[in-house]
Amino acid sequence: MPLPSPLDDAPLTEDRILDDVRTIIANVIGEDYVAEIEIDRDTLFYADLEIESIEFVALGEYLQDHYGDRIDFPAWIATMEVDEIIAMTIGRLVDHIVTSLP
């Protein structure tokens, strides 16, 4: 599923970033699986999406490809404790992206 360019004329609002993250997740774990789940700000990566470590790495790569160096996903994740990563929501990732963009 292709993503719109973050550099097009549309503003990078929180809603648009949430849509981008949904698309990235669909690309990482599969569109069919994601179609069965309501993904919103409160969705948990591990408990709700059952995302695996390798898929988390792929998520970071997609974010890097889409937003460039502005989103340093590995460095951000490295600041967290394991419990924080396990309890991470989509909203927390969206907030990180929003605050990382100029």
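This is a predicted model: local features need pLDDT of at least 70, side-chain atom pairs count only at pLDDT 80 or more; totals for chains, interfaces and linings use all residues.
## How α1 meets α6

Let's start with the helix packing. Helix α1 covers residues 14–29 and helix α6 covers residues 90–100, and the two pack at an angle of about 120 degrees. Their axes sit 10 Å apart. Angles of 65 to 115 degrees count as roughly perpendicular and those over 145 as roughly antiparallel, so α1 and α6 end up classed as oblique to each other. As for handedness, the crossing of α1 and α6 is right-handed.

Who does the touching? On the α1 side, the contact is made by E14, I17, L18, V21 and I25. From α6 come I90, L93, V94, D95, I97 and V98. Sorted by class, the contact of α1 with α6 has nine nonpolar residues, two charged ones and no polar ones.

## What α6 buries

Looking at α6 by itself, the buried residues are I90, G91, L93, V94, H96 and I97. The cover over the buried residues of α6 includes α1, α3 and α4.

## The F45–F56 pair

Now for the rings. The structure has four aromatic pairs, and one of them joins F45 and F56. That pair is edge-to-face, with 5.4 Å from centre to centre and 90 degrees between the planes. It ties together distant parts of the chain: F45 lies in the loop between α2 (31–35) and α3 (53–67), while F56 is in helix α3, eleven residues apart.

Another pair is made by F73 and W76, whose ring centres are 6.1 Å apart. Their planes meet at 50 degrees, so this pair is tilted. Both residues belong to helix α4 (residues 73–78), and because they are three residues apart there, about one helical turn separates F73 from W76. F73 and W76 are both buried.

Which residues make up the aromatic cluster? F45, Y46, F56, F73 and W76 form one cluster. So far as location goes, F56 sits in helix α3, and F73 and W76 sit in helix α4. Helices α3 and α4 are also among the elements covering the buried residues of α6.

Technical notes:
Residues are numbered from 1 along each chain as its sequence is written. Side-chain values use heavy atoms; hydrogens and water are left out. Axes are lines fitted to C-alpha atoms, for helices over the stretch in contact, and angles run from 0 to 180 degrees between N-to-C directions. Helices (H or I, at least four residues) and strands (E, at least two) are DSSP runs, numbered from the N terminus. Angles under 35 degrees count as roughly parallel, over 145 as roughly antiparallel, 65 to 115 as roughly perpendicular and the rest as oblique. A crossing is left-handed if the near helix is turned anticlockwise from the far one by less than a right angle, and right-handed if clockwise. Contact means heavy atoms within 4.5 Å. Ala, Val, Leu, Ile, Met, Phe, Trp, Tyr, Cys and Pro count as nonpolar, Asp, Glu, Lys and Arg as charged, and the others, Gly among them, as polar. Rings of Phe, Tyr and Trp (its six-membered ring) pair if their centres lie within 6.5 Å; planes under 30 degrees apart count as stacked, over 60 as edge-to-face and the rest as tilted. Buried means under 20% relative accessible area, exposed over 50%, partly exposed in between (1.4 Å probe, protein chains only).
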